[in-house]
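Hi there,

Here is the structure I promised to pass on. Have a look at it first, and then read my notes below.

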Amino acid sequence: MKEQDFGFETRAIHAGQSPDEATGAVVTPIYQTSTYAQDEVGVHRGYEYSRTANPTRTALERCLASLEGAASGFAFASGMAAEDAVLRLLPADSHVVIPNDAYGGTYRLVTQVFGPAGLQYTAAELSDQDSVAAAWRPSTRLLWVESPTNPLLGIVDIAAAARFAHDRGARCVVDNTFATPYLQQPLALGADVVVHSTTKYLGGHSDVVGGFVAVNDVGLATHIAYLQNAVGAVPGPFDCFLVLRGLKTLAVRMERHCANAAAVVDMLERHPAVGHVRYPGLPTHPGHEIAARQMRDFGGMVAFTLEGGEEAALKLVSRTRLFTLAESLGAVESLIEQPAQMTHASVAGSELAVDPSLVRLSVGLETADDLVDDLRQALDGI
Ligand SMILES: Cc1ncc(COP(=O)(O)O)c(C=O)c1O
């Protein structure tokens with residue numbers, strides 16, 4: 001049986017991770033080494049120097065590539081380092097179309113780092129093809145997609161976005177951080193590149209920062225591998241070990257994240273202090289049907305506005321006891337934040353600025369009733 005014929009959970013535990021050849025260790029060891037002995041000049045066992053390749057990183061790259069249904073995968077030191085590598089694929093005079101609610105760090109990278117070097121960009125509403133068409137230029141080489149988006153949980157039809165880009169000779173990149181390959185596999189939907197912040201659900205325990213790029217195309221893989229080695233923004237072996245360990249439980253964690261998020265959404269929908277709840281699982285969400293088609297379930301992220309505006313949002317985020325006020329997302333513990341002043345402060349005052357009454361939840365794996373009670377008591381008090 002070929003590796004890709006096994007189910008997702010089996011591949012999460014075994015892909016790229018046969019017992020260690022030297023010792024039989026069942027768990028891939030942390031190869032904490034920078035260099036490798038060579039028998040003769042140029043004669044080695046596949047490894048020369050750990051910026052280029054390291055066995056713990058190779059195991060992670062094979063496993064996560066398999067979960068994304070990708071031929072090749074490349075681990076990076078952070079999600080931003082992974083995004084940086086993808087943007088470096090572009091010739092200097094290129095134009096990219098990015099979501100008008102892109103993750104703030106993506107927007108900052110495009111506008112402040114690549115912008116001065118010549119990259120041009122337009123932010124568009126990606127759920128509206130007319131908006132994408134209006135943003136398109138002859139020099140557009142990349143359509144950058146997030147789905148669900150951070151922090152508004154907008155949904156983009158990935159298959160349609162990829163077709164749109166391909167018809168115009170461009171490539172389609174999907175940031176799959178919020179969904180993870182358990183809920184959504186963008187390459188199978190036609191995307192060319194998947195990027196991840198493995199810091200989030202893939203690591204899953206708020207104890208590591210990492211990034212990933214997955215591709216099928218051999219030319220793209222060669223170029224990304226070159227950049228990974230030449231630029232050198234690689235994760236250390238211990239960080240690779242942590243992400244690899246996280247992957248083994250991804251499927252069961254995602255199922256519980258989704259179930260707990262649905263329970264929280266149910267309460268929020270009925271609470272008078274809450275304005276608009278954004279969750280792709282709600283039939284009233286404009287992207288619900290697309291999400292139901294392209295995702296296995298609707299994820300663990302929830303966003304909502306408060307009737308009492310920014311003041312109420314700021315009060316709420318400091319009143320919860322189980323939901324910890326913190327940036328980041330996707331781990332076992334529940335987190336709450338106000339994007340306008342926290343995760344999305346880098347887009348303040350720009351066209352991507354976030355409503356200050358918006359609160360974002362990363363619903364964790366605690367007992368669902370405890371999470372609902374915690375939010376209810378905090379909402380009752382504002
Ligand atoms: C959707 C998304 N993409 C990319 C990133 C960047 O990842 P990292 O923080 O690992 O650099 C984040 C971080 O929050 C994110 O939420």
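The notes below cover a sheet, the helices on it and some salt bridges.

Please keep in mind that this is a predicted model.

Let's start with the sheet. It is open and built from 7 strands, with mixed pairing and the order E1-E7-E6-E5-E4-E2-E3. At the edges are strand E1 (72-76) and strand E3 (120-124), each of which pairs on one side only. From one strand to the next, the twist averages 20°.

Within this sheet, strand E4 (residues 140-146) pairs with strand E5 (residues 171-175) in the parallel sense, over 5 bridges. Glutamate 146 has aspartate 175 in E5 as its bridge partner. Helix H6 (residues 158-167) packs on the sheet and touches E4 and E5, with its direction at about 150° to that of E5. Another helix, H2 (residues 55-67), lies across E1 and strand E7 (211-215) and runs at about 130° to E1.

Now the charged pairs: the count comes to 8 salt bridges. Among them is the one between arginine 45 and aspartate 39, at 3.5 Å from N to O. Arginine 45 is exposed, because its relative accessibility is 66%, and aspartate 39 is exposed at 55%.

Aspartate 84 and arginine 88 form another, with their closest N and O atoms 2.7 Å apart. Here aspartate 84 is buried at 15% relative accessibility, while arginine 88 is partly exposed at 37%.

Glutamate 337 and arginine 360 also form a salt bridge, at 3.1 Å between the closest N and O atoms. Glutamate 337 lies in strand E11 (residues 335-337) and arginine 360 in strand E12 (residues 358-362), so the pair ties together parts 23 residues apart in sequence. Both glutamate 337 and arginine 360 are buried.

Best wishes

Notes: Residues numbered from 1 in each chain as written. Predicted model: local features only at pLDDT ≥ 70, side-chain atom pairs only at ≥ 80, totals over all residues. Heavy atoms only, no water. Pairing = 2+ DSSP bridges. Helix = DSSP H or I, 4+ residues; strand = E, 2+ residues; numbered from the N terminus. Axes fitted to C-alpha atoms, helices over the stretch in contact; angles between N-to-C directions. Contact = heavy atoms within 4.5 Å. Salt bridge = Lys/Arg side-chain N within 4 Å of Asp/Glu carboxyl O. Buried < 20%, exposed > 50% of the residue type's maximum accessible area, 1.4 Å probe, protein only.
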